[in-house]
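Here is a friendly walk through one protein model, with an eye on its aromatic rings and its nonpolar core. Have the structure open as you read.

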Amino acid sequence: HILPGSVIHIRESFGGFSINDRSRITQFDRDAFNFEMGILGLKIGHLLHLYEEVDFGVKYYTELEIKCRAPIVGRFITWIACRFFATEPMMRAWMVHNVEEVGESEKFIPQLYSDAMSGA
């Protein structure tokens with residue numbers, strides 16, 4: 001089970017980039033699936049997936065922030081993260097990937113939900 005505080009391993013490829021990282025879950029419920037990214041025990045950013053039920057579907061919002069708020073070293077760590085890990089080309093590729101991934105979700109999530117509700 002995934003719960004706030006759980007650490008997940010994300011291994012993903014998109015647009016010529018690869019992710020192989022561990023992230024700490026901060027929220028996993030009917031409203032959101034959020035996690036934090038870090039380096040050397042310091043939080044350097046978060047990824048928020050927020051959703052809410054609306055007429056005829058679900059409204060989905062994603063926010064990625066790369067910003068270390070640690071005193072003294074935060075700005076430097078943010079610069080390192082953006083320069084070497086979360087570069088602008090990578091972030092552009094990730095945005096395209098995220099749109100594609102969310103677009104495909106509508107093809108299988110209703111069936112997963114139906115199966116879960118029926119006990120299948």
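## A partly exposed phenylalanine

Let's begin with Phe28, which is partly exposed because its relative accessibility is 39%, between the 20% and 50% cut-offs. Please keep in mind that this is a predicted model.

## Other rings to look at

The structure holds 5 aromatic pairs in total. A pair of aromatic rings is described by the distance of the centres and the angle of the planes. Tyr51 and Tyr60 make a stacked pair, because their planes are at 5° while the ring centres lie 6.5 Å apart. Both tyrosines are partly exposed: Tyr51 has a relative accessibility of 23%, and Tyr60 has a relative accessible area of 35%.

The charged end of Arg83 sits over the Phe84 ring, 5.7 Å from the ring centre.

## The nonpolar core

Phe35 turns up again in the largest nonpolar core, which has 17 residues. Together with Phe14, Met37, Ile44, Leu47 and Cys68, Phe35 is among the residues that touch the most other members. Two or more core residues come from each of β1 (7-14), β3 (32-39), β4 (42-54), α1 (74-85) and α2 (88-105). Helix α2 gives the largest share, 4 residues.

Which residues does Ile44 contact, leaving aside its neighbours within four places in sequence? They are Met37, Gly38, Ile39, Glu65, Ile66, Lys67, Cys68, Ile77 and Ala81.

## Thr78 in helix α1

Thr78 is found in helix α1. Is Thr78 buried or exposed? Thr78 is buried, because its relative accessibility is 16%, and the cut-off for buried is under 20%.

Once neighbours within four places in sequence are set aside, Thr78 is in contact with Ile66, Lys67 and Cys68. Ile66, Lys67 and Cys68 are also among the contacts of Ile44. The C-alpha atoms of Thr78 and Ile66 are 6.7 Å apart in space, while the two residues are 12 residues apart in sequence.

Note on methods: Residues are numbered from 1 along each chain as its sequence is written. This is a predicted model: local features need pLDDT of at least 70, side-chain atom pairs count only at pLDDT 80 or more; totals for chains, interfaces and linings use all residues. Side-chain values use heavy atoms; hydrogens and water are left out. A nonpolar core is a set of buried Ala, Val, Leu, Ile, Met, Phe, Trp, Tyr and Cys residues joined through side-chain atoms within 4.5 Å. Buried means under 20% relative accessible area, exposed over 50%, partly exposed in between (1.4 Å probe, protein chains only). Contact means heavy atoms within 4.5 Å. Rings of Phe, Tyr and Trp (its six-membered ring) pair if their centres lie within 6.5 Å; planes under 30 degrees apart count as stacked, over 60 as edge-to-face and the rest as tilted. A charge sits over a ring if NZ of Lys or CZ of Arg is within 6 Å of the ring centre and within 35 degrees of the ring normal.
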